[in-house]
Amino acid sequence: MSSYGTPPAASSGSRTNGLAIAGLVCGIVGLFFLGIVLGPLAIIFGALALRQKAANGGGGMAKAGLILGIIDLILAIVMIVVAANGGFSWYIGG
């Protein structure tokens, strides 16, 4: 038991930056759904979290969110270009 006035052991660690978490989540979800929307959000959140890295932890998550946001955006643009060109088809046969 802790005495009155001292924080419990679970909350004594450093907190991770919320923007880093948001960027990572947007980047991961953007790989599967709404990459054109969540990609830029992941980039923005990741970039803001990298600027605040000195104050809070989460630099790795911020970089991952930034990279995943870029991948989301590239995949969304490629899918739009492929869809605009009539898609692609596989021709198997003689």
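This is a predicted model: local features need pLDDT of at least 70, side-chain atom pairs count only at pLDDT 80 or more; totals for chains, interfaces and linings use all residues.

Starting at the N terminus, the elements of this protein follow the order α-α-α, and in total there are 3 helices and 0 strands, where a helix is a DSSP run of H or I with at least four residues, a strand is a run of E with at least two, and both are numbered from the N terminus. Residues are numbered from 1 along each chain as its sequence is written, and side-chain values use heavy atoms, with hydrogens and water left out.

Let us take the whole protein before the details. Of its 94 residues, 20% are buried, and buried here means under 20% relative accessible area, exposed means over 50%, and partly exposed lies in between, with a 1.4 Å probe and protein chains only. If we take contacts (heavy atoms within 4.5 Å) between residues at least 6 apart in sequence, 67% of them join residues at least 24 apart.

Now please look at α1 and helix α3, which covers residues 59-84. How do their axes cross? They come within 8 Å and cross at roughly 30 degrees, the axes being lines fitted to C-alpha atoms, for helices over the stretch in contact, with angles running from 0 to 180 degrees between N-to-C directions. Therefore α1 is roughly parallel to α3, a term for angles under 35 degrees. On the α1 side the contact includes Ala20, Leu24 and Ile28, and on the α3 side Met61, Leu68 and Asp72 are among the residues taking part. The residues of this contact divide into 9 nonpolar, 5 polar and 1 charged, where Ala, Val, Leu, Ile, Met, Phe, Trp, Tyr, Cys and Pro count as nonpolar, Asp, Glu, Lys and Arg as charged, and the others, Gly among them, as polar.

Next comes the loop between α1 (18-30) and α2 (35-51), where leucine 34 is found. Most residues other than glycine have a negative phi, yet leucine 34, although not a glycine, has a positive phi of about 50 degrees. Is leucine 34 buried or exposed? With 59% relative accessibility, it counts as exposed.

Finally, valine 37 sits in helix α2 and, at 44% relative accessibility, counts as partly exposed. Valine 37 is 11 residues from cysteine 26 in sequence, and their C-alpha atoms are 9.2 Å apart in space.

Note on methods
Angles under 35 degrees count as roughly parallel, over 145 as roughly antiparallel, 65 to 115 as roughly perpendicular and the rest as oblique.
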